[in-house]
Every structure is written in structure tokens, then in C-alpha cells.
Amino acid sequence: MAETCPHLAYREEGDGKSFETARAFCTVTGSFVQPMRADVCNARYGLDPATDCEFYVEPESIEDESDATDADR
């Protein structure tokens, strides 16, 4: 079973607005996501963020990039 997307965050404010209820936010695209997209992020209904999201980035890729940055220091 797929796990919740590691790039999903919930924010109560953004884009110059604040919300009573936290909204799903994609840290890869840097934007709030629609409720149907959040279903993919939360792996609901048998959806898998790794295979069903076109913006998904493997978490190791992000760590590898930060390691490369550290190597340059």
C-alpha cells in the first residue's frame, strides 16, 4: 500500500491569504492543491503518489541534491 506523499504539507496561510482550515500544499510545485489532487497525495482510493502524480519526486533525489551541495562546501 502506498504511503502519504512526503511532499505534502498542510498550511493555514499562503498566497497572501489565511484559511480557517489548513489546505493541502505541495512542496514540490510550491502551490496549494485541489481536493482531488490531495486524494493522490494522501494515497486515498488506491492511488499512489509515486505513480499517479506527475509532479512526484523521489525523496532520495532531494537528499542526493543536498548531499551534492554539501560536498561543494
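Predicted model: local features only at pLDDT ≥ 70, side-chain atom pairs only at ≥ 80, totals over all residues.
Is Phe-32 buried or exposed? Phe-32 is buried, with a relative accessible area of 18%.

Let me start with the overall layout. The protein chain has 3 helices and 3 strands, and along the sequence they come in the order β-β-β-α-α-α. There are 73 residues in the protein chain, and 25% of them are buried. For those of you who like surface numbers, the accessible surface of the protein chain is about 5,500 Å², with 47% of it belonging to carbon and sulfur atoms.

Now, back to the aromatics. Phe-19, Phe-25 and Phe-32 form one aromatic cluster, and the count of aromatic pairs comes to 2. Phe-19 belongs to strand 2 and Phe-32 to strand 3, residues 31-32, so to speak of the pair is to speak of a link between distant parts of the chain, 13 residues apart. Phe-19 is buried, at a relative accessible area of 14%. Then there is the pair of Phe-25 and Phe-32: centres 5.1 Å apart, planes at 75°, so again edge-to-face. Phe-25 is buried, as is Phe-32.

What sits over the ring of Phe-25? That would be the charged end of Arg-11, 3.7 Å from the ring centre. If you have the viewer open, do turn to that spot.

Next, the nonpolar core. Which residues make up the largest one? There are 7 of them: Cys-5, Leu-8, Ala-24, Cys-26, Val-33, Ala-38 and Cys-41. Strand 2, spanning 17-26, and helix 1, spanning 35-41, each supply at least two residues of this core. Ala-38 is a handy member to click on. Setting aside neighbours within four places in sequence, Ala-38 is in contact with Ala-24, Val-33 and Arg-44. Two of those names, Ala-24 and Val-33, are on the core list as well. Please hold on to the other name, Arg-44, for a moment.

On to the charges. How many salt bridges are there? The count is 2. In one, Glu-54 pairs with Arg-37, and the closest N and O atoms are 3.0 Å apart. Glu-54 lies in the loop between helix 2 (49-52) and helix 3 (59-71), while Arg-37 is in helix 1, so the bridge ties together parts that are 17 residues apart in sequence. Glu-54 counts as exposed, at 56% relative accessibility, whereas Arg-37 counts as partly exposed, at 23%.

The other salt bridge brings Arg-44 back. Arg-44 pairs with Asp-39, with the closest N and O atoms 3.0 Å apart. Arg-44 is partly exposed, at 38% relative accessible area. Asp-39, on the other hand, is buried, at 16%. Asp-39 lies in helix 1. Leaving out neighbours within four places in sequence, the contacts of Asp-39 are Arg-44, Tyr-45 and Leu-47.

Tyr-45 leads me to the backbone. Phi of Tyr-45 is near 55°, a positive value in a residue other than glycine. Tyr-45 lies in the loop between helix 1 and helix 2, and counts as exposed at 71% relative accessibility. Asp-15 also has a positive phi, about 55°, although it is not a glycine. Where is Asp-15 found? In the loop between strand 1 (8-14) and strand 2. Asp-15 counts as exposed too, at 64% relative accessibility.

To wrap up, I would click through three places: the cluster of Phe-19, Phe-25 and Phe-32, the salt bridge of Glu-54 with Arg-37, and the salt bridge of Arg-44 with Asp-39.

Note on methods:
Residues numbered from 1 in each chain as written. Heavy atoms only, no water. Core = buried A, V, L, I, M, F, W, Y, C linked by side-chain atoms within 4.5 Å. Buried < 20%, exposed > 50% of the residue type's maximum accessible area, 1.4 Å probe, protein only. Helix = DSSP H or I, 4+ residues; strand = E, 2+ residues; numbered from the N terminus. Contact = heavy atoms within 4.5 Å. Salt bridge = Lys/Arg side-chain N within 4 Å of Asp/Glu carboxyl O. Areas by Shrake-Rupley, 256 points an atom, 1.4 Å probe, with all protein chains shown as cover. Phe/Tyr/Trp six-rings, centres within 6.5 Å; stacked < 30°, edge-to-face > 60°. Lys NZ or Arg CZ within 6 Å of the ring centre and 35° of its normal.
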